[in-house]
Amino acid sequence: MALISWFSLALVAIATSCTLASPVRGPLETRASNDGAFSPPYYPAPKGGWVSNWAEAYGKAHHIVSNMTLAEKVNLTTGTGIFMGPCAGQTGSVPRFGIPNICLHDSPLGVRNTDHNTAFPAGITVGATFDKELMYERGVGLGEEARGKGVNVLLGPSVGPMGRKPRGGRNWEGFGFDPVLQAIGGAQTIKGMQSTGAIASLKHLVGNEQEMHRMSSVVTQGYSSNIDDRTLHEFYLWPFAEGVRAEVGSVMIAYNDVNKSACSQNSKLINGILKDELGFQGFVVTDWLAHIGGVSSALAGLDMSMPGDGAIPLFGNSYWGYELSRSVLNGSVPVDRLNDMATRILAVWFKMGQDQNYPLPNFSSNTDDEKGLLYPGALVSPIGVVNQFVNVQADHNITARAVARDAITLLKNEGDLLPLRRNDSLKIFGSDAGPDPQGLNSCADKGCNRGVLTMGWGSGTAKLPYLITPQDAIADISPTAEFHLSDSFPSSVTANPDDIAIVFINSDSGENFITVEGNPGDRTSAGLHAWHNGDDLVKAAAEKFSNVVVVIHTVGPIILEEWVDLEPVKAVLIAHLPGQEAGNSLTDVLFGDYSPSGHLPYTIPYQESNYPASVGLLQQPFGQIQDDYTEGLYIDYRHFLREQITPRYPFGHGLSYTTFDFSEPSISIVTLLDTAYPPSRPDKGPVPTYPTNIPAASEAIWPSNFPSIWRYLYPYLNKADATAAAANSTKKYPYPEGYSTTPKPAPRAGGAEGGNPALFEVAFSVEVTVTNTGHRQGRAVAQLYVELPDSLGVETPSRQLRQFEKTKILQSGESETLTLEITRKDVSIWDVVVQDWKAPVRGDGLKIYVGESVLDERVECVVGGECSTL
Ligand code: NOJ
């Protein structure tokens, strides 16, 4: 099964390769632009190792890299080829120093395409919990499972896409349509994952906001996301900066171009922003088959090519591997750059302690069988035991259930229809309440929508080890419940006055290499409507029953207008994408063992035309789509507020079975912002140094009697090629325009991981006491939004989420005081001229709102003044 999906990806890449000869896209960065989008050159690549927290790991890496041959270093940078090992990708190994093939594998919600793993709730579900501890705990579970399976680098979390396009296919892999929600979700996940020794790979940098045309085909070129500097900094980069601050080990580069330069070789993005300004100390890896140029990408700061293949996968060619060895020998790629790549990769490996008994892969994503091909991509491959069926689930089902439960978002609950009583007479409708009739995991990478929707489709999935469906869980509690698990309303059903109908509907999306029911990843044909005539099903139920509960499993915003105001539709719950514990988490809430405490991680509009026109999906038969981010910062609620469009349900909305009072708010200044710009950044610390002379050709020549595997990617050259390269008689590769070996001045906004450390000092602290004023237990979320003053000189969104905290379970009458801290960066705008973050001095004119949604202004604080409650 896995092979099929991988092959389709490979085919896309074969198509991609055909455009490489076209005049519009060469191996160099394309910078010329008709419409002003431009990615300036930024060279040379900044070296890693200057941050003190990393000194020890870099010291160890330096020691080893100093003693490695050219071929050994190159081997660490290049994947062994698609299907050339058990994982989605693996680097070459360096046995002389005990370094195995480093296994990189999906996904952000569990270990993909294996067994005895946990299928955790998806990112969007995690975002909806607004619960930092659960975010962390799930990260720990993911890391433990990755480690248990021998995955060195787990390919997640995803914080890009950011939900710019509501129909975008992969929004559900991330945490919501707001940079701070994404940032906190991402950073907590990274910290949790990496606490186990597994390396996180934060993806996709950046602008991969729609699935269609993300890669090139024979006739089109992957789109260019044209993002202005301010929007990039204040919106799309924000979660990446926080991920770097959380010390993420790896960042994955997106397929698309940013400002007309392919992300995989965009020197401004990688060298300039990620490595210099944000101070990233780990390694940068391509998305799969996103590599399009050898020397250009090396100079632009790329450190690892995955899965290693060149223009045409499975042909045994690579832009790196053999070619990287050659380009170092002939002087095209400075050996210093290669040393930096290898040092970064090894430093991460040491920092996470992977030199200490980290397991080797004990599974194969290529087959479910115990024995199989070790290198399925080779024509003739040895066979061996590939699956050891190691159970890594531990008690992660508890976390999975808690996340899914605490994400459930109650949109309405007229007359307190919910919670249900255990003896209520229930009639359940919709295939989304039940199992996949064709069996658990019956389609590869969840590329179908049958039964309860537990996750979207594509590489961001994991197999379900088991599935508790809503049907299972409801039947367990209510033996009299009647199930009609069909998407057309049964004509025969009788409605008694006391009956409560529960209707299950869903909306799915996924990754572009699979098309489901006419949707090529993005929700092209389904739009923002429920699949499988879900709207009709709800309406039919509402015609017959006077009490209807609607449960929605969805990847993102969904239009509810056909039925949400119908009188019988009393309650609506969004259960997001719950993973394996779909049923239990839902009944926990439906029957009142827990109050719902999830909040919307996006806005629900009345209609799709409420969004700006510029965030629609783009399709174009030929050439390159120019996706201009003309709406700037005005994504999701920021747009609704500016245009004064009332949403159906605002960002952050979520009801409980109880009610909460916010009282005694106060604000204090923790660090005085006595200047508009932060104090000067610290200087960089020292970086490892190596001799810069070109290594001897012998370091890259095939070892004698080497048992090579056909099509497997190796770093070696034959003797004649190596000697010719070293003698400089082979042609040097062309250099990108603007290349320079003179380091740029250190960016003033940098200075540590994530940026200038002064940006992250707490500036203001807000306290508020939350009291449960209702009759049931429950948890409240305090969301803090800022309104920046006009004195900053630029227009800013009128509310921006900057912090949130969730209470413990509060019993009726119980209180908890929450502290919400915000930093200098949280109250700053990105000054595109000064290239630094600018804050209102002393916070003058800054307003802070705390409430249970973006429209809830129950608490208002004016800096330098008082806080008040409405
Ligand atoms: C492509 C996807 O975009 C990325 O998210 C994933 O990690 C890789 N494939 C590997 O499967």
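Trainee: Before we start, what counts as a contact?
Mentor: Contact means heavy atoms within 4.5 Å. And keep in mind that this is a predicted model.

Trainee: Fine. Which residues does Phe-804 touch, leaving out those up to four places away in sequence?
Mentor: Phe-804 touches Phe-130, Asp-131, Lys-132, Met-135, Leu-181, Ile-184, Val-781, Ala-782, Gln-783 and Leu-820, with residues up to four places away in sequence not counted.

Trainee: Where is Phe-804 placed?
Mentor: In strand β22, residues 800-806.

Trainee: Is Phe-804 buried or exposed?
Mentor: Buried. Its relative accessible area is 0%. The cut-off for buried is under 20%, so Phe-804 qualifies.

Trainee: How far apart are Phe-804 and Gly-851?
Mentor: In sequence, 47 residues. In space, 9.6 Å, C-alpha to C-alpha.

Trainee: What does Leu-205 touch?
Mentor: Its contacts include Leu-237, Phe-240, Val-251, Met-252 and Ile-253. Ala-254, Cys-263, Leu-269 and Leu-274 are also among them. Again, residues up to four places away in sequence are not counted.

Trainee: Change of topic: the ligand. Which residues come nearest?
Mentor: Asp-106, Arg-170, Lys-203, His-204 and Asp-287, out of 14 residues around the ligand.

Trainee: Which polar side-chain atoms lie by its oxygens?
Mentor: A polar side-chain atom of Lys-203 lies 3.0 Å from a ligand oxygen. For Arg-112, the distance from a polar side-chain atom to a ligand oxygen is 3.3 Å. For Glu-511, a side-chain N or O atom is 3.4 Å from an oxygen of the ligand.

Trainee: How much of the ligand does the protein bury?
Mentor: 100% of the 300 Å² that the ligand exposes when taken alone.

Trainee: Now helix α3. Why is it said to be largely enclosed by the rest of the structure?
Mentor: Because eight of the eight residues of α3, residues 70-77, are buried. Glu-72 and Lys-73 are among those buried residues, as are Leu-70 and Val-74.

Trainee: What covers them?
Mentor: The cover includes α2 (55-66), α11 (322-329) and α12 (335-351).

Trainee: Last topic, the backbone. Where are the cis peptide bonds?
Mentor: One joins Tyr-43 and Pro-44, with omega about -5 degrees. Pro-44 is in the loop between α1 (2-18) and α2. Another runs from Leu-418 to Pro-419, with omega near 0 degrees. Pro-419 lies in the loop between β12 (409-413) and β13 (426-429).

Trainee: And what is the phi of Asn-441?
Mentor: Positive, about 55 degrees, although Asn-441 is not a glycine. Asn-441 is in the loop between β13 and α14 (470-477). At 23% relative accessibility, Asn-441 counts as partly exposed.

Trainee: Is Asp-636 buried or exposed?
Mentor: Buried, with a relative accessible area of 4%. Asp-636 also has a positive phi, about 50 degrees. Its place is in the loop between β18 (623-628) and α17 (637-642).

How values were computed. Residues are numbered from 1 along each chain as its sequence is written. This is a predicted model: local features need pLDDT of at least 70, side-chain atom pairs count only at pLDDT 80 or more; totals for chains, interfaces and linings use all residues. Side-chain values use heavy atoms; hydrogens and water are left out. A residue is near a molecule or strand if one of its heavy atoms lies within 4 Å of it. A polar contact is a pair of N or O atoms within 3.5 Å; within protein, one must be able to donate a hydrogen and the other to accept it, and residues adjacent in sequence count only if both atoms are side-chain atoms. Accessible areas come from the Shrake-Rupley method with a 1.4 Å probe; for residues, only the protein chains shown count as cover. Helices (H or I, at least four residues) and strands (E, at least two) are DSSP runs, numbered from the N terminus. Buried means under 20% relative accessible area, exposed over 50%, partly exposed in between (1.4 Å probe, protein chains only).
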